[in-house]
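Subject: Two-chain model, handover and findings

Hi,

Here is the model for you to open alongside this email. Please keep it on screen as you read.

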Amino acid sequence: MAPAVFVVLSARGMAGPAQKIGATVEVTPVTGPSTLHHLRRTIENSSMGWGGQWSPPANLVTPPRPRNPTRSNPALGGADLYRISCRACHRPDGSASPPEINSIIGPVQAASVSFMTDRMKAMGRQVDAAFIHGLTSANEADLRKRLRAGGHDMPSFDHLTDEEIGALRPYLDQMAGLPGAEKRQRYISEPPARVGELVVKGTCHICHDATGPDSAPTTVLSDIIPPLSSMPRQKTFLDFVRKVREGAPIPLGSAGVSSRGRMPVFNYLTEDEAAAAYSYLTLYPPK
Amino acid sequence: MRIVIVGLCIAAAGVAITGATGGVIEGSVKATGLPSNADAVVYLQQVAGQFAAPTQPANMDQRSMSFVPHVLPVVVGTTVRFLNSDPTPHNVFSPDHEKYNLGTWPQGQTKDHPFATCAKAPCVYVQLCRVHPEMEGYVVVLQNPYFAVTSADGHYKIENVPPGNYSLAVWHSKVKGQPKAVTADVSKPAVVDFVLTK
């Protein structure tokens, strides 16, 4: 059982004060094979995890910043939760990559009473409010069940708390263009350990197994994707952050030879989020 | 004698064309302004008698994000079996008539829905999927089993029609046309063409 404290590491690698994790958030290590490994797919034949970009110019990297950030307890909105938990597969606008990965937009719109009422009216159908309510509430239940339990190729996101889903859900409405969704956006305060956990489980674990043998630098040229457990041992804090956000080349051992490998660049993650992921992997070793 | 033999051959050919027990009604439907003439339902509005629904369900698939077939005419009392062939969960609901929502189910599974009543045929039920608003299909419930769906070129053919005089109607989801009188005769096919407009 991981200790219920978290040493905050800033982007500069400095240790901050120990911090209690909120009682409602239990940070747990990432476990098991990656989503791709579980599905027996390779990164080349899947759209999963490709929310990152391939080699964007480093000088153009302008990551979003969390609203009202503090070093100890960043405030996350639904947009941030979507970015670190969903975007890697579902793209920035939720359109995803059908048929492998389904769009979020349709299911979200179908859970809206106003949207479904308008849809029926546009089709020339007069339907009563009870029928619309039955449809939309069933779709809301399906949506939340899919988030919790996963389904088909989608992994379970059962690690999300009710509070996190409560912040994420109105952002999905906003992304789906539902009227008034902007006014319903919520922000929650999350400990950095939790932010790191969400980044790792929602983004890194798509391609990286939790555990496995440490890889040699030359394995970047092979099909082997290094396990998450090797990151704190094989990368410095700064190397990890640079690799995640800028796609820093990896030295292959011989003079002057390096490779970018196959990993997309997650320039949409903030420096603090990448740092939180590294710290999380350090303090909660993958199992 | 030779003339009689030829006459018998023609008669036999006529039976082969129209079927032993009824006549054939065929023709074409032009859906003006649409890229295809497919998916118009041509049907007899009223035929005397009661018609038993088939014992086996009619099938409508959800495949490649479409209802297949797009239009499914059935005689009243028929059960339709909805299959999901897609890797994503699908739902089926209809806001028409008694309205129903069959829920959501995964690939390879089916749900049945009986179309038990139809006060005034055709009873058209649009088939929708909650989660995929682009999907749309139709179940058209009719009083009798004498119907056909047009192919892309607009052709249709209704066989084994009891001899008699009828009103032949056509339904299409986007364009309309007026019914036409038709006489079913075992000796020769009746040819009826429609031009549908918005």
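**Ground rules**

This is a predicted model: local features need pLDDT of at least 70, side-chain atom pairs count only at pLDDT 80 or more, and totals for chains, interfaces and linings use all residues. Residues are numbered from 1 along each chain as its sequence is written, while chains are lettered from A and ligands numbered from 1 in the order in which they are written.

**The two chains**

Chain A has 11 helices and six strands. Chain B has one helix and 17 strands. Both element types are DSSP runs, numbered from the N terminus: helices are H or I with at least four residues, strands are E with at least two.

Chain A has 287 residues, and 39% of them count as buried. For chain B the figure is 37% of 198 residues. Buried means 20 or more other C-beta atoms within 10 Å of the residue's own; exposed means 12 or fewer, and partly exposed is in between, with C-beta atoms placed from the backbone.

Now the contacts (two residues whose C-beta atoms, placed from the backbone, lie within 7 Å). Take those with a separation of 6 or more in chain A: residues 24 or more positions apart account for 67% of them.

**Where the chains touch**

The contact takes 19 residues from chain A and 14 residues from chain B. On the chain A side, helix 4 (105–109), helix 5 (113–122) and helix 6 (129–149) each give two or more residues. Helix 6 of chain A gives the most, with six residues. By class, the chain A side has nine nonpolar, seven polar and three charged residues. Here Ala, Val, Leu, Ile, Met, Phe, Trp, Tyr, Cys and Pro count as nonpolar, Asp, Glu, Lys and Arg as charged, and the others, Gly among them, as polar.

Look at helix 5 of chain A. Its buried residues are Phe115(A), Met116(A) and Arg119(A). Seen down the helix axis, they fall within an arc of 95°, so they line one face of helix 5. The arc is that of the directions from the helix axis to the C-beta atoms. An α-helix has 3.6 residues a turn, so residues three or four places apart point the same way. The buried residues of helix 5 pack against helix 4 and helix 6 of chain A. After helix 5 comes Gly124(A), with a positive phi near 80°.

**Strands in chain B**

Start with strand 1 (residues 23–31) of chain B, where the side chains alternate. Gly23(B), Ile25(B), Gly27(B), Val29(B) and Ala31(B) point to one face and are buried.

Strands pair if DSSP finds at least two bridges between them. Which strands pair with strand 1 of chain B?

- Strand 13 (residues 155–161) of chain B runs antiparallel to strand 1, joined by five bridges. Glu26(B) has Lys157(B) as its bridge partner.
- Strand 16 (residues 190–191) of chain B runs parallel to strand 1, with two bridges. Ile25(B) has Ala190(B) as its bridge partner.
- Strand 17 (residues 194–196) of chain B is also parallel to strand 1, over three bridges. Val29(B) stands opposite Phe194(B).

Elsewhere in chain B, four strands form an open antiparallel sheet in the order 12-2-14-15. Strand 12 (147–149) and strand 15 (180–184) are the edges, each pairing on one side only. Strand 14 (residues 164–171) is joined to strand 15 by five bridges. Tyr166(B) has Val182(B) as its bridge partner in strand 15.

There is also a hairpin. Strand 7 (residues 90–94) and strand 8 (residues 100–105) of chain B pair antiparallel over four bridges. Phe93(B) stands opposite Asn101(B) in strand 8. Five residues lie between the two strands, and His97(B) takes a positive phi near 55°.

**The core**

The largest nonpolar core has 101 residues. Such a core is a set of buried Ala, Val, Leu, Ile, Met, Phe, Trp, Tyr and Cys residues joined through C-beta atoms within 7 Å. Val199(A), Ala277(A), Val41(B), Val42(B), Val139(B) and Val170(B) touch the most other members. Helix 11 (residues 271–283) of chain A gives the largest share, seven residues. Leaving aside neighbours within four places in sequence, Ala277(A) is in contact with Gly196(A), Val199(A), Val200(A) and Cys204(A).

Best wishes
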